[in-house]
Amino acid sequence: SPLLAPDLSGLPPAHIMSAQYDPLRDEGAAYAQRLAEAGVPVTHTMHPGHIHGSGAFTKVMPSARVWRDEV
């Protein structure tokens, strides 16, 4: 996991998308925080009502299309 790296400085800018019901949700937020603390330009969004695989549901979930467009 990149969250376990001792030094995150020098990494490229990142955009981290988390889903409300993703078991990795908290790790995404923590990683964004660590990147910011290391001086890496980072944005983080939390998508309410989503699961880890929501991006695969664009045909049946309008909010999944919003997720895809953000990517």
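**Labels and the values behind them**

Guide: Leu3, Leu8, Ile16, Tyr31, Ala32, Leu35 and Val40, 7 residues in all, form the largest nonpolar core. Helix H1 (residues 25-37) gives the largest share of this core, 3 residues. By the way, this is a predicted model, where local features need pLDDT of at least 70, side-chain atom pairs count only at pLDDT 80 or more, and totals for chains, interfaces and linings use all residues. Residues are numbered from 1 along each chain as its sequence is written, and side-chain values use heavy atoms, with hydrogens and water left out.

Visitor: What makes a set of residues a nonpolar core?
Guide: The members must be buried Ala, Val, Leu, Ile, Met, Phe, Trp, Tyr or Cys residues, joined through side-chain atoms within 4.5 Å. In soluble globular proteins, nonpolar side chains tend to be buried together.

Visitor: Why is Val40 called buried?
Guide: Buried means under 20% relative accessible area, exposed means over 50%, and partly exposed is in between (1.4 Å probe, protein chains only). Val40 has a relative accessible area of 5%, so it counts as buried. Val40 sits in the loop between H1 and strand E2 (42-47).

Visitor: And what is Val40 in contact with, leaving aside its neighbours within four places in sequence?
Guide: Leu8, Ser9, Gly10, Leu11, Pro12, Pro13 and Leu35, where contact means heavy atoms within 4.5 Å. Val40 and Ala14 are 26 residues apart in sequence, yet their C-alpha atoms are 7.7 Å apart in space.

Visitor: How do you know what is a helix and what is a strand?
Guide: They are DSSP runs, numbered from the N terminus: helices are H or I with at least four residues, strands are E with at least two. The protein chain comes to 2 helices and 2 strands, in the pattern β-α-β-α along the sequence.

Visitor: What makes E1 and E2 a pair?
Guide: Two strands pair if DSSP finds at least two bridges between them. Strand E1 (residues 14-19) and E2 have 6 bridges in the parallel sense, so they pass. His15 has Thr43 in E2 as its bridge partner, and Ala19 stands opposite His47.

Visitor: Why is the β-α-β unit called right-handed?
Guide: The rule is to look with the strands pointing away from the viewer: the crossover is right-handed if the path from the first strand over the helix to the second runs clockwise. E1, H1 and E2 make a unit of that hand.

Visitor: Is His47 buried or exposed?
Guide: His47 has a relative accessible area of 9%, so it is buried. Not counting residues up to four places away, His47 touches Met17, Ser18, Ala19, Gln20, Trp67 and Glu70.

Visitor: How confident is the predictor, on average?
Guide: pLDDT is the predictor's confidence in each residue, from 0 to 100. The protein chain averages 90, and 100% of the residues score at least 70. Among its elements, H1 has the highest mean (96) and helix H2 (residues 62-70) the lowest (80).
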